[in-house]
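Here are some notes to read alongside the structure, for anyone opening it for the first time. Keep the view open and go point by point.

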Amino acid sequence: MVYERPSGWPEACEIIAEAKPCDIVFVCEHASNYIPEEFGNLGLTPADTLRHIAWDVGAAQLTRRLASQMGAQAFLGTYSRLLLDLNRPLGSPDSIPVISEGTAIPGNQSLSKDAVALRERFIFMPFHDEVADYLDQRQKAGRNTKIVTIHSFTPVYLGVQRPWHIGILHGASRSYATDILSNLRGDSSLNVTLNQPYVISRDGDYALPVHGDDRDIEAVLIEIRNDLLATEEAVDRMAGLLGSALSPVQPFEAGRSNSDAPLEQDMLP
């Protein structure tokens, strides 16, 4: 489907083309803090748009490094999550947030249906169409595919310290997530766990349930604490760790079920 974008609005999706055969497809929904000039920064200060509320700090750089070293296809969002969150179902309370981490978003208050539809049409739909079309091509070609989405989180959230360095979140792909976790736990300096600091849900997430679980494609969301992505050297180190952890993961085997253990066990640090 073709979308004629308003002036000053970039393409909704930055695509890094696959450079060599790779089972993994990377997705980074919160890669950018860009807000078109016409929105007046949504009433926020420039400093606010550099915070986690506007994007996942360091996630884009990490995704590009991983795609480069693995030769993988990658899809990166090009707008701030404050305009519209690519990892939330349309119409959900957090799709276009009116408040984020205690900060009111003036430019998102009392939006008309037309204003909401504009963002959905030129941000959400073209991004996810690109991802879906590419997955369709791989499926038709009979290629094995795993989806890995890259996110970052803050060390402190609403005053609460977060001890984890990396969280591997999953829906139906518990075995895949556990394999990655086991590989990362080879580094004793890392606090790595499953389903922290968030859990995947149909109401609160989009990419994993829709592009992964609904297609029977193994899919995980990897959360990295953003103080571990603060410098180019730190990003390079994390890309090396994750690249090594993802590369040797065994292919999916029938019968390895998400129901092998209750979700609550995954949430323990």
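1. Start with strand E11, where both faces are covered: Glu-218, Val-220, Ile-222 and Ile-224 are buried on one side, and Ala-219, Leu-221, Glu-223 and Arg-225 are buried on the other. The strand spans residues 218-225, and eight of its eight residues are buried. Bear in mind that this is a predicted model.

2. Which strands pair with E11? Strand E6 (residues 146-153) runs parallel to E11, joined by eight bridges. To find the spot, look for Phe-153, which stands opposite Arg-225 of E11. Strand E9 (residues 166-170) runs antiparallel to E11, with five bridges.

3. Now the charged side chains. The count of salt bridges comes to 15. One of them joins Glu-18 and Arg-138, at 3.6 Å from N to O. This pair links distant parts of the chain, 120 residues apart: Glu-18 sits in the loop between strand E1 (13-16) and strand E2 (24-28), while Arg-138 belongs to helix H2 (residues 113-140).

4. Next, have a look at Asp-56 and Arg-81, whose side chains meet in a salt bridge of 2.7 Å, N to O. Asp-56 is in the loop between E2 and helix H1 (59-70) and Arg-81 is in the loop between strand E3 (73-77) and strand E4 (99-100), so the pair ties together parts that are 25 residues apart in sequence. Asp-56 counts as buried, with 2% relative accessibility, and Arg-81 is buried too, at 13%. The pair also belongs to a network of salt bridges that links Asp-56, Arg-81, Asp-85 and Arg-88.

5. Because Asp-136 is in H2 and Arg-215 lies in the loop between helix H4 (207-212) and E11, the pair ties together parts that are 79 residues apart in sequence. Asp-136 counts as partly exposed, at 28% relative accessibility.

6. What does a buried Glu-29 do without a salt bridge? Its nearest side chain of opposite charge, Arg-88, is 7.3 Å away, but the Glu-29 side chain makes a polar contact with that of His-151, at 2.9 Å. Glu-29 lies in the loop between E2 and H1. Beyond its neighbours up to four places away in sequence, Glu-29 touches several residues, including Gly-77, Phe-127 and Thr-149.

7. Last, the rings. The structure holds six aromatic pairs. Tyr-34 and Tyr-79 make a tilted one, 6.0 Å centre to centre with 55° between the planes. Tyr-34 is in the loop between E2 and H1 and Tyr-79 is in the loop between E3 and E4, so their pairing ties together parts 45 residues apart in sequence. Tyr-34 is partly exposed at 32%, while Tyr-79 is buried at 2%. Another pair, Phe-124 with Tyr-206, is edge-to-face: 4.9 Å centre to centre and 75° between the planes. Finally, Trp-9, Tyr-34, Phe-39, Tyr-79 and Phe-122 form one aromatic cluster.

Note on methods. Residues numbered from 1 in each chain as written. Predicted model: local features only at pLDDT ≥ 70, side-chain atom pairs only at ≥ 80, totals over all residues. Heavy atoms only, no water. Buried < 20%, exposed > 50% of the residue type's maximum accessible area, 1.4 Å probe, protein only. Helix = DSSP H or I, 4+ residues; strand = E, 2+ residues; numbered from the N terminus. Pairing = 2+ DSSP bridges. Salt bridge = Lys/Arg side-chain N within 4 Å of Asp/Glu carboxyl O. Lys, Arg positive; Asp, Glu negative; His and termini not counted. Polar contact = N/O pair within 3.5 Å; in protein donor to acceptor, adjacent residues only side chain to side chain. Contact = heavy atoms within 4.5 Å. Phe/Tyr/Trp six-rings, centres within 6.5 Å; stacked < 30°, edge-to-face > 60°.
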